[in-house]
Amino acid sequence: MAKIIVFTDLHIVPEGKTIIGLDPYERLLAGVEHALRIHPNADRIVCTGDLTNRGDADSYSRLKEILDRSHVPVRLLIGNHDERETFAQCFPDTPLDPKGFVQSAEDLGDWRMIYLDTLNAPPYVFPEAYSGYLCDSRMAWLEAQLAAAGDRKVAIFMHHPPHDIGFPGMDEIKLKNGAAFYDLIGRFGNVRHIVAGHVHRTISGAHRGVAYSVFKSPCHQQPMNLDSHDLSLSVDEPAAYGILLTTPHGMIVHTEDYQIAVANALSDQDALGAGADAAE
Ligand SMILES: [Fe+2]
């Protein structure tokens with residue numbers, strides 16, 4: 001069984017900047033420290049894109065400061081708020097595919113983990129580049145990875161959800177060629193779980209029979225308004241990360257609202273003791 005911690009949509013900003021009054025650096029740092037304390041035996045930390053808010057080198061170096069504290073190996077994906085070239089310069093050890101996309105694969109136990117690059121840029125022209133895209137080159141690379149997986153179960157990590165998730169505004173900037181993506185993975189039948197970000201909410205379900213999970217950000221979250229087309233709204237709900245446990249039969253998915261769960265758990269005995277003290 002492998003344990004994978006998932007952080008998504010970190011949106012690190014230069015020092016002194018905030019997002020809706022929240023400090024992405026402080027919130028991610030608290031989350032990574034929490035995850036390493038509670039899950040020192042994790043096999044990976046995977047960050048599924050929007051590592052920074054503006055794709056600048058200063059923010060990537062601040063992210064590196066945090067991640068360098070981790071004894072757990074880290075895998076980084078990029079999202080629509082990232083800049084591929086600057087990212088690659090700041091994280092030169094990140095594996096790239098032969099065409100320079102931030103894509104890689106590795107086997108953990110009897111699972112193959114595939115990390116995709118869905119950034120629809122360059123050119124970095126917005127709002128077109130907010131949506132995700134897998135070009136022919138990246139689709140061909142994915143096809144080769146799925147073929148090489150053989151009998152292994154496959155988990156795919158990607159920033160953009162490849163299908164609608166129920167927020168109209170976000171559905172307009174999902175992976176543009178999600179249907180082609182599902183046609184491809186359907187030919188192999190070995191993808192058991194898809195993990196995405198982009199939405200800043202905890203979402204789970206299945207699409208064309210493949211289970212998926214989306215997690216909240218360590219920073220700002222998507223308001224729970226299923227009728228809104230407004231992409232500019234954010235809310236300061238508690239920060240979260242995901243915890244994936246692979247099994248021989250599928251994936252167990254947990255989420256941790258680590259700003260709430262900061263205290264160590266009390267035993268029944270502790271609780272009784274506290275109650276007794278209070279009564280005296
Ligand atoms: Fe994001």
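In which loop is P127 found? P127 sits in the loop between strand 5 and helix 4, where helices (H or I, at least four residues) and strands (E, at least two) are DSSP runs, numbered from the N terminus. As background, most residues other than glycine have a negative phi, and most peptide bonds are trans.

The structure is a predicted model, in which local features need pLDDT of at least 70 and side-chain atom pairs count only at pLDDT 80 or more, while totals for chains, interfaces and linings use all residues. Residues are numbered from 1 along each chain as its sequence is written, and side-chain values use heavy atoms, with hydrogens and water left out.

Taken as a whole, the protein chain has seven helices and eleven strands. Its radius of gyration (taken over C-alpha atoms) is 19 Å, close to the 19 Å that the globule rule gives for 280 residues, so the chain is as compact as a globular protein of that length; the rule itself is 2.2 Å times the number of residues to the power 0.38. The C-alpha trace spans about 70 × 45 × 40 Å along its principal axes. Of the 280 residues, 54% count as buried, a label that requires under 20% relative accessible area, whereas exposed stands for over 50% and partly exposed for values in between (1.4 Å probe, protein chains only). The chain exposes about 12,300 Å², of which carbon and sulfur atoms supply 51%; such areas come from the Shrake-Rupley method with a 1.4 Å probe, and for residues only the protein chains shown count as cover. Among contacts (heavy atoms within 4.5 Å) between residues at least 6 apart in sequence, 69% join residues at least 24 apart.

The metal site comes next. The iron ion is coordinated by D9 (OD), H11 (NE2), D50 (OD) and H200 (NE2), at 2.1 to 2.3 Å. Donors are N, O and S atoms within 2.8 Å of the metal (3.2 Å for Na, K and Ca), and since water is not among the atoms, sites may look incomplete. In sequence the donor residues follow the spacing D-x1-H-x38-D-x149-H. D9 lies in the loop between strand 1 (3–7) and helix 1 (24–38) and D50 in the loop between strand 2 (44–48) and helix 2 (57–67), so this pair ties together parts that are 41 residues apart in sequence.

D9 has a phi near 55 degrees, a positive value in a residue other than glycine, and counts as buried because its relative accessibility is 0%. H11, found in the loop between strand 1 and helix 1, has a positive phi of about 55 degrees although it is not a glycine, and at 2% relative accessibility H11 is buried.

A search of the whole structure finds eight aromatic pairs. Rings of Phe, Tyr and Trp (its six-membered ring) pair if their centres lie within 6.5 Å, with planes under 30 degrees apart counted as stacked, over 60 as edge-to-face and the rest as tilted. The rings of Y60 and F91 have centres 6.2 Å apart and planes at 85 degrees, so this pair is edge-to-face. Y60 lies in helix 2 and F91 in the loop between helix 3 (84–90) and strand 4 (104–108), so the pair ties together parts that are 31 residues apart in sequence. Y115 and F157 form a tilted pair, 5.3 Å centre to centre with 35 degrees between the planes, and link strand 5 (residues 111–115) with strand 6 (residues 153–157), 42 residues apart. F7, Y241 and Y258 form one aromatic cluster.

M158, finally, is found in the loop between strand 6 and helix 5 (168–171) and counts as buried at 0% relative accessibility. Leaving aside neighbours within four places in sequence, its contacts include T48, L77, F181 and V195. The C-alpha atoms of M158 and V195 are separated by 6.3 Å, although the two residues are 37 apart along the chain.
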